[in-house]
Amino acid sequence: VACAMNIFARSDVREGQTVVIVGIGFLGAILTRLATDAVAMRVTRLVHAGLVRLDERTLEPVPYAAARWGWVDDRTLDLELRPGLRFASGAALGPEDVCATIEALGSPALGSPHRALVASIARCERRGELGVRVVLGEPRATLLTDLELPILRRDQAASPPGTPLDGLGPFALGAVSESAVSLRAREGGALPRPGRDVVVRV
């Protein structure tokens, strides 16, 4: 299985050539926030992006959709979003998208297997044009790592499982079938535009 975040370094792939990742698991999970197996989760990060990403060597959270952050106290985290980020649809990223994602993920109605990541968050608030304040109901040492979760558009955050979701990652969803998903390299995401498209098959 090709490692989804390292495919761009392969010397046997030419600029503009489509890469095929042979994956395992259920393609429906790749399309949504319900992915739990390692391969599906890696592939979702091609389409989606969180406020932070994890450094490949240290696993420490580093800025991604968020440009910076700071702790106000042990239960209050302020974050500033990167300006100019857009979802694949062209919609601009805003604080309301972050708060809607957190609220939806914590809802029992969605039934997300990742609900525990936001269970300690008491509220999420907009602060200015690009500012977000996350307030915990109880201390949580892993909050920054938890914020690696994919941010969704505010109008899609509570969409039912199985709905293809707009993402902030370097690829946009293309054609989808029962056995394959095509991903188109794009501009405006959380990473620079990749040099090639990707097809994910199972």
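This is a short tour of one protein chain, from the whole chain down to a single bond.

The model is predicted: local features need pLDDT of at least 70, side-chain atom pairs count only at pLDDT 80 or more, and totals for chains, interfaces and linings use all residues. Residues are numbered from 1 along each chain as its sequence is written, and side-chain values use heavy atoms, with hydrogens and water left out.

**Whole chain.** Along the sequence they come in the pattern β-α-α-β-β-β-β-α-β-β-α-β-β-β.

The chain exposes about 9900 Å², and carbon and sulfur atoms supply 52% of that (areas by the Shrake-Rupley method with a 1.4 Å probe; for residues, only the protein chains shown count as cover). Of the 202 residues, 46% count as buried, which means under 20% relative accessible area, against over 50% for exposed and partly exposed in between (1.4 Å probe, protein chains only).

**The sheet.** Next, select strands E4, E5, E7 and E6. In that order these 4 strands form an open sheet with antiparallel pairing; two strands pair if DSSP finds at least two bridges between them. E4 (66–73) and E6 (121–127) are at the edges with a single partner strand each, so one side of each has no neighbour in the sheet. From one strand to the next, the twist averages 20°.

Zoom in on residues 76–81 (E5) and 131–136 (E7). These antiparallel strands are joined by 5 bridges. Pick Leu-79: its bridge partner in E7 is Val-132.

**The helix across the sheet.** Select residues 95–105. This is helix H3, which lies across E5, E6 and E7 and runs at about 170° to E6 (axes are lines fitted to C-alpha atoms, for helices over the stretch in contact, and angles run from 0 to 180 degrees between N-to-C directions; contact means heavy atoms within 4.5 Å).

**The disulfide.** The link is left-handed, with -70° about the S-S bond. Cys-99 lies in helix H3 and Cys-124 in strand E6, so the pair ties together parts 25 residues apart in sequence. Is Cys-99 buried or exposed? Its relative accessible area is 14%, so Cys-99 is buried. A search of the whole structure finds 1 disulfide.

How values were computed:
Helix = DSSP H or I, 4+ residues; strand = E, 2+ residues; numbered from the N terminus. Disulfide = S-S within 2.5 Å.
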